[in-house]
Amino acid sequence: MKKTNAMRMLDSHKISYEVLEYPVDESELGAKHVAELVGVPVEQVYKTLVAEGDKTGIIVAVVPGASEVNLKAFASTSGNKKVQMVHMKELLGLTGYIRGGCSPIGMKKPYPVFVDESMLQFEKVYISGGARGVQVHLSVKDLMTFTKAHSGAFVHYEE
């Protein structure tokens, strides 16, 4: 498997991680499906979402796979009055990643990263490795240090 930008960044900073590959189903890119395919608890699979704040510009949310961002709470956590999700067609140009393969590590620019506080209960989590079909398992501490992440409560869970 070819190294992604996220993996190259982790390697260059000597951050330890494990790669899990899985078959990609274009019609089902959700974290719940990914968790099933790689055989890990969905609670430890985090998805990366990109938004734009009215004061900060582009910001990144790393949230549990079975949750949705509460935009009002995310705005408050990130120092904005309003936040809106970035349109899917803008994702590649802004981050260098596509939907289903967006990682908070190795984006084109070092955008502010916010992780949901639920992540802090785990020693390690799974995030996108920077391509569809690739997850990386790494320490929460390393992820937060590398991305200079802030934590907060800004999700609600899907029914």
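**Exercise 1: the largest pocket**

Helix 2 (31–38), strand 2 (46–53) and helix 4 (88–95) each contribute at least two residues to the lining of the largest pocket, where helices (H or I, at least four residues) and strands (E, at least two) are DSSP runs numbered from the N terminus. The model is predicted, so that local features need pLDDT of at least 70 and side-chain atom pairs count only at pLDDT 80 or more, while totals for chains, interfaces and linings use all residues. Residues are numbered from 1 along each chain as its sequence is written, and side-chain values use heavy atoms, with hydrogens and water left out.

Task: state which element supplies the largest share of the lining of the largest pocket, and how the lining divides by class.

Step 1. A pocket is an open set of points on a 1 Å grid over the protein atoms alone, where a 1.4 Å probe fits, with protein on both sides within 12 Å along at least five of seven lines, and its lining residues have an atom within 4 Å of a point.

Step 2. There are 26 lining residues, and K47, T48, L49, R99 and G100 lie nearest the centre of the pocket.

Step 3. Strand 2 supplies the largest share, five residues.

Step 4. The lining divides into 13 nonpolar, eight polar and five charged residues, where Ala, Val, Leu, Ile, Met, Phe, Trp, Tyr, Cys and Pro count as nonpolar, Asp, Glu, Lys and Arg as charged, and the others, Gly among them, as polar.

**Exercise 2: helix 2**

Task: find which residues of helix 2 are buried and where they lie around the axis.

Step 1. A31, V34, A35 and V38 are buried in helix 2, that is, under 20% relative accessible area with a 1.4 Å probe and protein chains only.

Step 2. These residues are on the same side of helix 2 because they cover an arc of only 100° around the axis, taken from the directions from the helix axis to the C-beta atoms.

Step 3. Strand 1 (17–21) and strand 8 (134–139) are among what covers them.

Step 4. G39, which follows helix 2, has a positive phi, near 70°.

**Exercise 3: I59**

Task: describe the surroundings of I59.

Step 1. I59 belongs to strand 3 (residues 57–64), and its relative accessible area is 0%, so I59 is buried.

Step 2. Leaving aside residues up to four places away in sequence, I59 touches residues including L49, V50, F74 and F114, with contact meaning heavy atoms within 4.5 Å.

Step 3. M85 is 26 residues from I59 in sequence, and their C-alpha atoms are 9.4 Å apart.

Notes:
Buried < 20%, exposed > 50% of the residue type's maximum accessible area, 1.4 Å probe, protein only.
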